[in-house]
Amino acid sequence: MSGVSKTGKWYASGAEKPQKYLFIFDNLPFYFSLNILIWITDVLYRGGEEKMKSILIQWIISAASLLIVAHILPGFQVESIGTALFAAIIIGLINATIGLFLKIITIPISILTFGIFLLVINGLMLMLASSLISGFHVAGFWTAFFAALILAIVSTILRSLLGAK
């Protein structure tokens, strides 16, 4: 009998069998990639070509917005188009997880500041993303704050010009 071990290596019959998965997060990159592929397949299978096009358009708009902000704002650097595409994905994931949590727990502050505190959170998320991605650099908090403001404006303009949802 043969199979795949926890590390992704094949083992032959007679070899020591690997331990069963005790934690789903032991092999997180594999599960993450697999879940993305399953999700894309599911969207396409259910006639979601329009959904997939919309997601790709949003991704390209986000990456283009990052590049535009990098040309406008000193201290905000994106080295290449590939870095912008990767940064758009990472920023989206950060905003969908940590950013969402922070926005929910700071609702009272956001109400008191008429939503300006949301720019603080978005700036902090940009700083977090810049610490994770090589080729994407934010000089400091105020650069991140104004980058979040300009990024929101540029993204809104691009989405309205392209008619994206």
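Colleague: Why is F114 called exposed?
Modeller: Its relative accessible area is 80%. Exposed means over 50%, buried under 20%, and partly exposed in between, with a 1.4 Å probe and protein chains only, so F114 is exposed.

Colleague: What is this model, and what limits apply?
Modeller: It is a predicted model, in which local features need pLDDT of at least 70 and side-chain atom pairs count only at pLDDT 80 or more, while totals for chains, interfaces and linings use all residues. Residues are numbered from 1 along each chain as its sequence is written, and side-chain values use heavy atoms, leaving out hydrogens and water.

Colleague: Where does F114 sit, and what is its phi?
Modeller: F114 is in the loop between α4 (107–112) and α5. Its phi is positive, about 55°, although F114 is not a glycine. Most residues other than glycine have a negative phi.

Colleague: How many helices and strands does the protein have, and how are they assigned?
Modeller: There are six helices and four strands. Both are DSSP runs numbered from the N terminus: helices are H or I with at least four residues, strands E with at least two. Along the sequence the pattern is β-β-α-α-β-α-α-α-β-α.

Colleague: What makes α3 oblique to α5?
Modeller: The axes of α3 (residues 81–105) and α5 (residues 116–132) come within 10 Å and cross at roughly 135°. Under 35 degrees counts as roughly parallel, over 145 as roughly antiparallel, 65 to 115 as roughly perpendicular, and the rest as oblique; that makes α3 oblique to α5. The axes are lines fitted to C-alpha atoms over the stretch in contact, and angles run from 0 to 180 degrees between N-to-C directions.

Colleague: Why is G82 not listed as buried?
Modeller: G82, which lies in helix α3, has a relative accessible area of 45%, so it is partly exposed. Its C-alpha atom is 8.8 Å from that of A63, 19 residues apart along the chain. Of the 165 residues, 28% do count as buried.

Colleague: Which residues form the nonpolar patch, and what makes a patch?
Modeller: I57, W142, F146, L149, I153, I157, L161 and L162 form it, with about 820 Å² of accessible area together. Patch residues have over 30% relative accessible area and no salt bridge; nonpolar side chains (Val, Leu, Ile, Met, Phe, Trp, Tyr) are joined within 5 Å, like charges within 9 Å. A salt bridge is a side-chain nitrogen of Lys or Arg within 4 Å of a carboxyl oxygen of Asp or Glu. Helix α6 (residues 141–162) supplies the largest share, seven residues.

Terms used
Areas by Shrake-Rupley, 256 points an atom, 1.4 Å probe, with all protein chains shown as cover.
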